[in-house]
Amino acid sequence: MDDKSLRILEFHRIREILTGFTSFSASRELAAGLMPVSDYTAISLSLKQPAEARRLLSLEPGFSIGGVADIRETARMAALGRVLEPAELLEVRCTLEAVRKLRSSLTRLSEELPLLWAIAGGTTALPGLEESINRCISPTAELLDSASPALAAIRHRLKELREQLLDRLHSIINSPRGQRIAQEPIVTEREGRYVIPIKIESRKEIKGIVHDISNSGATLFIEPWSTLPMGNELRELTLQERHEIDKILTGLRAKVAEYEAEISRNIALVAELDLALAKARFARKFGASEPVIIPPGEKSAGGTGLRLVAARHPLLGERAVPMTLEIGQDFSILVITGPNTGGKTVALKTIGLLSLMAQAGIPIPASEESRLPVFDSIFADIGDEQSIEQTLSTFSWHIGNIVRIINSATENSLVLLDELGISTDPAEGSALARSILLHFLSLGTVTVATTHYSDLKAFAHTTDGFKNASLDFDPVTFEPTYHLSVGTPGGSNALATAARLGLAAEIIARAREMAAKGAQELEALLVDLMDEKQRFCSLCGDLEKQRGEEEERNAELASELERLRAEERRIIQEARDGVVKQAAELHREIQRAASELRREKKREVVERTRRALASVQKQLKADDWQAEAGTAAGAETADDSRITPGDTVWLKEVNIAAKVLSLSEETGQVEVQAGQTRLSLSIDRVAKTASSAGMALPASAPVRIEAGAGAVSLELDLRGRRADEVEAELDSYLNDASLADLAEVRIVHGIGGGTVRSIVREFLASHPLVGSFRCGGQKEGGDGVTVVRL
């Protein structure tokens with residue numbers, strides 16, 4: 001990439017911002033050295049990694065690389081033979097632990113985040129080295145006694161000896177003689193030896209070695225002869241401790257040196273992972289996303305050209321106005337015009353900077369619908385760097401840049417030219433600008449240029465491969481809106497801009513009189529065009545709003561219609577359920593009355609039973625029952641053609657009845673049960689019966705009642721029965737079993753949701769033929785069976 005253009009487009013400032021999102025020095029170095037590349041594969045990978053990192057941060061918002069530090073230099077010095085300090089070894093251990101935990105965390109997400117796992121999976125866990133350092137170095141960077149048995153023994157002896165020595169010295173100080181000769185009742189240390197402060201005039205009253213004298217000369221610091229052997233031994237043990245510590249640290253250094261390559265690779269991989277996380281944090285901060293990257297010479301679904309949607313300059317923050325444009329489909333040269341201070345230069349820098357960011361693998365502040373080609377280089381001629389020392393005028397500086405760009409640009413380059421042909425004679429400058437743009441057109445180079453030349457606007461309008469664009473302004477206030485519109489040129493509005501910036505009104509008026517009539521008419525025409533465009537955009541906005549309101553209204557009507565249909569189905573279902581429930585209650589009364597008749601033949605019981613039957617018959621003839629039944633019948637016919645679970649259907653090919661268990665509208669398959677057999681067949685092979693409620697299904701278990709022979713099964717299987725069928729079948733079975741003189745029977749109801757079991761046991765509790773009942777034993781079917789004593 002062109003270094004000068006990188007500086008002009010301020011790419012270095014984006015890198016500085018990105019480094020602020022990194023977590024340690026190694027990843028900061030990567031961010032600071034990030035450069036745009038022209039390799040499609042590398043660009044795609046470097047953009048997919050932050051996309052996965054954004055996914056990771058959404059799954060685990062607090063995710064980070066932990067306490068990783070750049071220990072590559074420490075490992076290198078260990079390999080060169082330098083003994084590492086405990087603090088350095090502690091940093092190595094903490095980093096190894098953080099890398100291990102980082103790898104473990106991403107292992108769980110390896111399928112969902114394959115690119116990040118490809119980085120983390122390349123790290124090497126070093127548990128042996130980590131454990132060795134952990135055993136020797138404390139969290140406060142001190143060597144532990146557990147580092148070696150010899151060190152533990154030395155330190156234990158040191159502690160004992162030090163306590164004995166101090167006790168001996170304190171006994172000397174606290175003795176009558178010591179209290180007389182000691183300057184202070186303390187034990188202190190000089191040159192690694194324990195001493196007591198003695199008055200200068202009492203020096204001859206105690207034998208010992210003088211290690212120091214106070215500044216005033218009034219105190220001698222003496223180690224008594226009686227403690228000298230203990231002091232010597234203490235000194236020897238201290239030296240032994242130092243030697244053992246050096247031995248331990250040397251061993252740890254050797255272990256770190258052994259894994260220098262793995263440690264360096266781990267740090268490099270973690271830095272790469274942290275850079276992806278930094279890009280993700282950058283994207284979250286700036287509302288950025290990853291654009292579609294188009295390789296050279298290939299087409300994407302949206303085309304081959306540059307397309308930016310809602311693009312914003314990242315250095316402008318909240319002040320940035322979103323910009324949408326497309327170049328490279330039907331044209332390769334875009335000429336941007338518009339008022340002074342209207343944002344033309346910002347538009348150029350936005351296009352260039354976002355292209356650089358994408359090719360450096362940094363998400364761009366634009367919609368994810370944006371797409372960018374891979375440019376082999378990006379050139380920019382923006383600003384003014386005239387030099388007195390080099391005798392360069394503004395025009396000379398610009399032409400020098402353009403010469404460099406022309407000599408280097410290819411058909412795969414991006415060229416950005418600000419105020420092309422400025423700072424010279426307008427006629428010659430305009431001609432030069434047109435010629436330069438035609439050169440880039442012949443190369444096929446994507447070029448964006450800004451200008452105020454009216455004839456260049458007209459040239460762009462009439463020349464194939466060119467397209468005009470303008471920065472809009474308010475036609476009433478003449479203030480810029482910073483909104484880019486592609487397809488129409490814009491006026492410079494120099495006089496209006498000068499007036500807005502405070503130039504005297506009489507000067508503006510005189511300039512307006514002096515301006516060429518044709519130029520004024522052209523500016524007026526452009527103002528009218530802008531006014532018409534705004535009215536058109538306003539009308540489009542109103543129409544879009546109306547369409548949105550209509551769609552919302554249609555959605556509300558559809559929702560209300562669905563609600564009404566659901567309410568209709570609910571009412572019909574409630575009516576059906578009410579009829580079924582009342583019929584079940586009446587049927588239960590009839591069965592109880594019949595049972596009582598069979599059990600007792602006494603006259604009063606017979607009379608009471610007749611009254612109960614008369615009451616039931618009266619209810620059946622009542623208007624309320626007739627109305628409800630009619631409602632139920634209406635409900636049945638209202639949706640007669642629709643098959644639902646629980647309905648009774650005829651199997652057309654075999655002409656038998658079956659019960660619908662489930663229905664799939666997507667596959668057109670229906671599952672039915674005929675007796676104990678379940679079938680799955682096409683819905684067009686069954687027909688709904690006229691009245692499902694009026695047809696009995698074949699029994700699903702061998703319940704045989706042969707009244708003539710008196711043979712009744714010892715078991716009734718009620719699995720698969722509807723709730724409203726259970727009591728009637730159970731009551732009939734109990735009556736037959738009682739007539740057959742059976743003492744004990746089994747009712748099989750299954751476990752399931754417990755509904756049939758509850759109905760069975762509630763019914764048995766009040767049935768006059770039942771003496772007792774219990775849950776089935778372990779070998780009898782458990783809670784899925786009830787055993788009844790008659």
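In this predicted model, helix α6 (residues 86-107) packs with helix α11 (residues 228-258). Two packed helices are described by the angle between their axes and the distance between those axes. Here the angle comes out at about 35°, and the axes of α6 and α11 lie 11 Å apart. As for handedness, α6 and α11 cross in the left-handed sense. Looking at who touches whom, Pro-86, Leu-89 and Val-92 are the residues on the α6 side, and they meet Leu-249, Leu-252 and Val-256 of α11. Sorted by class, this α6–α11 contact has six nonpolar residues, with no polar and no charged ones.

Next comes the sheet. Strands of a sheet pair through backbone hydrogen bonds, and the pairing can be parallel or antiparallel. In this model, four strands make up an open sheet, and going across it the order reads β1-β2-β4-β3, with antiparallel pairing. The edge spots belong to β1 (188-190) and β3 (208-213); each has a single partner strand, so one side of each is left without a neighbour in the sheet. From one strand to the next, the twist averages 50°.

Thr-188, for instance, has Val-195 in β2 as its bridge partner.

Helices also pack on this sheet. Helix α9 (residues 149-174) touches β2 and β4 (219-224), and its direction makes about 5° with that of β2. Helix α11 turns up again here: α11 packs on the sheet too, touching β2, β3 and β4, and its direction makes about 145° with that of β2.

Note on methods:
Residues are numbered from 1 along each chain as its sequence is written. This is a predicted model: local features need pLDDT of at least 70, side-chain atom pairs count only at pLDDT 80 or more; totals for chains, interfaces and linings use all residues. Side-chain values use heavy atoms; hydrogens and water are left out. Axes are lines fitted to C-alpha atoms, for helices over the stretch in contact, and angles run from 0 to 180 degrees between N-to-C directions. Helices (H or I, at least four residues) and strands (E, at least two) are DSSP runs, numbered from the N terminus. A crossing is left-handed if the near helix is turned anticlockwise from the far one by less than a right angle, and right-handed if clockwise. Contact means heavy atoms within 4.5 Å. Ala, Val, Leu, Ile, Met, Phe, Trp, Tyr, Cys and Pro count as nonpolar, Asp, Glu, Lys and Arg as charged, and the others, Gly among them, as polar. Two strands pair if DSSP finds at least two bridges between them.
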